[in-house]
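Biologist: I have a structure to go through with you. Please take my questions one at a time.

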Amino acid sequence: MADFDVIVVGAGPAGSVASYLLAKRGYTVLTVERGKRPGAKNMFGGRLYSWSLERIFPEFWKEAPVEREVTKEVLGFLHGDRGVEIRLSTKPEGRSFTLLRAKFDQWLAEKAEDAGAEVISGFKVEGPLIRDGRVVGIVAEGDEEMGAEVVIAADGALSFMAEKAGLRPKLSKEDFAVGAKEVIELPKEVIEDRFGLSKDEGAAQLYVGDLTEGVIGGGFIYTNKESVSLGVVMRIGSLASKVSEVSTAMWEITEKFKSHPMIRRYLEGGKLVEYSAHIIPETQFMRGVKLYTDGMVVVGDAAGFCVNYGVTVRGMDFAIESARAAAEAVHHALESGDTSARSLSRYQEILSKGMLRELETARKAVDLMEDERLYSSIPRIAVKTLEHLFLVDDKPKENLYSFLRKELSEEGISLLSALLLGWKALRSM
Amino acid sequence: MDIAVLVKQSLDVQELRVDQDTGKIYIEDAPTKAGDIELNATEEAVRLKEKLGGKAIAIMLSTWGSSGKRQKEAREALTRVLAMGLDGAVLIMGEGAEKGDTYVIAKVLAEEIRDKFRLVLAAEGSEDNFSGLLPARLAAELGWPYVAYATAIEVEGDYVKVTRSLEDFEEVVKVKLPAVISVTQEINKPRVPKLVEIVKAKKKPMDQKDFSPHVEPKLVIRELKVPKVERKQIVIEGDVEEAAEKLIQALKEEGVL
Ligand SMILES: Cc1cc2nc3c(=O)[nH]c(=O)nc-3n(C[C@H](O)[C@H](O)[C@H](O)COP(=O)(O)OP(=O)(O)OC[C@H]3O[C@@H](n4cnc5c(N)ncnc54)[C@H](O)[C@@H]3O)c2cc1C
């Protein structure tokens with residue numbers, strides 16, 4: 001008999017949710033996390049869409065350490081030291097929340113522990129334990145073997161578990177983008193005042209423009225209770241040959257973003273308390289991951305359930321939903337005593353009825369946004385057009401139509417393709 | 001022979017956040033863990049126990065508050081030393097313990113230890129305060145001999161032979177049991193517990209007791225503050241070579257180079 005019914009590798013949202021659901025059903029679950037504590041080193045931009053976690057913990061935000069409910073969505077175009085912001089205000093309905101991973105991941109892991117899972121931190125898993133072509137457990141650091149009926153790989157975007165089990169190819173430079181993020185502390189009232197928020201409400205602000213020098217990507221700001229999460233996401237994985245170059249470039253762009261007059265005013269007097277960076281695998285790569293094999297399933301980022309929209313990344317909600325589906329399939333497999341790939345294929349079946357469709361829609365939107373002009377020409381034209389509309393000087397004003405035509409032709413864009421681009425941008429939002 | 005190991009719940013000083021402007025130290029936010037030298041004391045206790053039989057028990061008196069978070073951390077720290085091979089743990093925690101000085105803590109620990117153990121092992125100093133006072137105070141409280149800075153320990157019948165590493169020479173002393181000994185990091189290399197040992201450690205007995213001293217502390221900490229570092233704010237100008245030259249000069253003047 002194996003040491004545990006289930007071993008879960010990684011205590012991010014995917015791992016903790018899978019651990020929680022299976023421990024609650026009475027299975028013996030061991031969750032192994034590399035970080036000192038769950039969430040200790042985990043980063044993300046800043047917003048969790050609620051739908052999937054709500055299925056597990058209804059109205060979780062009343063109990064979970066979330067920061068603010070997002071009710072203000074801002075899309076910004078930056079050009080030089082000028083900028084345009086478009087703001088959407090919505091009613092609070094529990095749709096999405098900003099949060100900080102260190103606290104949130106720990107809360108989820110505690111949920112799993114309270115349900116009976118053994119969560120052990122500070123331990124790295126080297127890979128799956130494979131016997132006769134099937135996964136029968138894990139190999140932990142120090143070459144220690146531990147057996148399980150089923151292993152759940154929830155070890156994030158780089159997933160060595162999936163790679164070593166032959167479920168995904170090795171990641172190469174071309175397959176990823178990079179995200180960098182800072183947490184800047186500001187008093188609660190200052191945040192609410194500057195971002196125009198009432199108590200407990202939050203803002204999600206995205207910016208594109210010449211900031212990224214033509215590279216697909218941009219900057220983001222999410223408001224927390226007493227800090228803002230600010231950062232940039234860029235497709236520079238393929239451009240840079242060295243890690244040090246990437247991190248210098250990311251740092252420079254982040255500084256540039258922070259010092260833009262429109263952004264600076266949000267941050268004045270703030271205190272930098274945290275800096276982190278993380279890779280983001282690209283959609284094309286993530287599409288190629290297989291989800292299960294004999295004795296193992298892959299969930300969350302490890303399975304490629306993450307979408308890079310250019311400026312923002314979305315994956316927490318998919319991680320949680322995939323863990324729910326996996327727990328369901330693993331439960332059936334354990335109950336029937338058959339943990340073969342065939343039995344575990346139920347996981348993919350459950351997903352294809354729901355989440356995979358949503359994911360595919362999101363991925364298609366991303367494909368549409370591949371157009372680099374969305375990140376350079378469009379922001380520039382937006383800023384210039386509004387300037388043209390609003391600024392008055394001693395020169396006679398051209399009419400808007402001929403102004404736009406001229407601007408577009410300077411960018412080398414025909415009116416038709418401008419309309420198409422606009423349509424694409426709208427569809428993908 | 002039963003051995004008690006004093007395991008302090010130390011602040012993880014690497015994760016201690018401070019505000020240079022106001023001098024504030026964010027103690028509540030900092031996580032805690034078992035101190036590193038306590039791992040050496042644990043290792044030594046486990047080795048002695050393996051040789052001589054008997055039990056080795058961790059005793060932790062938590063002084064960084066008694067919130068749920070601190071309780072969880074304390075249990076995790078104890079799980080870690082239990083996984084190294086100790087047989088059980090006692091966790092003393094409660095309101096007021098954060099104000100306890102070594103005088104109060106030694107009294108409380110002495111009560112816990114007096115009739116149950118023959119040998120107490122401790123770290124030469126804790127990782128966060130490093131006052132190094134507690135083992136001596138505890139020994140005084142118990143009326144037992146105390147040997148500090150041990151780099152080797154050997155039990156010979158009713159006696160214990162301790163090697164102490166001093167600045168220029170080594171000293172070997174022999175004391176009668178029961179005794180209190182503090183160890184240095186040179187004494188051994190603590191084993192790294194395996195996953196399976198951590199899993200098992202979670203099932204070992206852990207006794208939680210309330211902190212209830214009969215005495216008042218003699219030492220009161222009024223405030224904890226970061227020492228202020230004044231910046232010199234020298235700006236060096238000129239082209240690269242010139243600036244480098246000036247920088248080297250300035251560093252020499254400051255005695256850095
Ligand atoms: C810059 C950036 C911004 C983002 N912004 C958002 C956002 O705003 N909203 C959103 O929904 N998503 C966002 N994401 C995506 C989101 O972070 C991920 O989709 C999500 O974290 C996936 O959860 P997971 O549990 O699958 O993996 P992770 O959260 O990566 O967790 C994996 C866990 O496994 C552990 N682990 C890894 N290897 C091992 C090992 N060998 N042994 C033991 N443990 C191991 C890790 O320490 C980690 O705790 C962002 C990502 C990035 C990089």
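Biologist: Where is B:Pro178 found?

Modeller: First, the ground rules: this is a predicted model, in which local features need pLDDT of at least 70, side-chain atom pairs count only at pLDDT 80 or more, and totals for chains, interfaces and linings use all residues. Residues are numbered from 1 along each chain as its sequence is written, chains are lettered from A and ligands numbered from 1 in the order in which they are written, and side-chain values use heavy atoms, with hydrogens and water left out. The peptide bond from B:Leu177 to B:Pro178 is cis, with omega near 0 degrees. As for its place, with strands (E, at least two residues) and helices (H or I, at least four) taken as DSSP runs numbered from the N terminus, B:Pro178 is in the loop between β9 (170–176) and β10 (179–183) of chain B.

Biologist: Which element gives the most residues to the shell around the ligand?

Modeller: The shell has 34 residues, each with a heavy atom within 4 Å of the ligand. Elements giving two or more residues to the shell include α1 (13–24), β2 (29–33) and α9 (316–336) of chain A. The top contributor, with three residues, is β15(A).

Biologist: How do the residues of that shell divide into nonpolar, polar and charged?

Modeller: The classes are set by residue type. Ala, Val, Leu, Ile, Met, Phe, Trp, Tyr, Cys and Pro count as nonpolar, Asp, Glu, Lys and Arg as charged, and the others, Gly among them, as polar. The shell then holds 16 nonpolar, 10 polar and eight charged residues.

Biologist: How far does a polar side-chain atom of A:Arg101 lie from an oxygen atom of the ligand?

Modeller: Polar contacts are pairs of N or O atoms within 3.5 Å; within protein, one must be able to donate a hydrogen and the other to accept it, and residues adjacent in sequence count only if both atoms are side-chain atoms. The side chain of A:Asn42 has an N or O atom 2.9 Å from a ligand oxygen, and a polar backbone atom of A:Met316 is 3.0 Å from one. For A:Arg101, the distance is 2.6 Å.

Biologist: How much of the ligand's own accessible area does the protein cover?

Modeller: The areas come from the Shrake-Rupley method with a 1.4 Å probe; for residues, only the protein chains shown count as cover. Of the 1000 Å² that the ligand has on its own, the protein covers 95%.

Biologist: Is A:Arg68 buried or exposed?

Modeller: A:Arg68 is found in the loop between α2 and β4 of chain A. Its side chain reaches the backbone oxygen of A:Asn224 at 2.6 Å, and a polar atom of that side chain lies 2.9 Å from the backbone oxygen of A:Glu201. Buried means under 20% relative accessible area, exposed over 50%, and partly exposed in between (1.4 Å probe, protein chains only). At 1% relative accessible area, A:Arg68 is buried.

Biologist: With which residue does A:Arg68 form a salt bridge?

Modeller: A salt bridge needs a side-chain nitrogen of Lys or Arg within 4 Å of a carboxyl oxygen of Asp or Glu. Here the closest N and O atoms are 3.0 Å apart. The partner sits in helix α5 (residues 188–194) of chain A, 124 residues apart from A:Arg68. It is A:Glu192.

Biologist: Which residue meets A:Lys36 in a salt bridge?

Modeller: A:Lys36 lies in the loop between β2 and β3 (47–49) of chain A, and its partner is in chain B, so the pair joins two chains. A:Lys36 counts as partly exposed, at 48% relative accessibility. The N to O distance is 3.0 Å, and the partner is B:Glu15.

Biologist: What is the relative accessible area of A:Glu118?

Modeller: A:Glu118 forms a salt bridge with B:Lys203, at 3.7 Å between the closest N and O atoms. The pair crosses between chains, with A:Glu118 in strand β7 (residues 118–121) of chain A. B:Lys203 counts as exposed, at 62% relative accessibility. A:Glu118 is buried, and its value is 14%.
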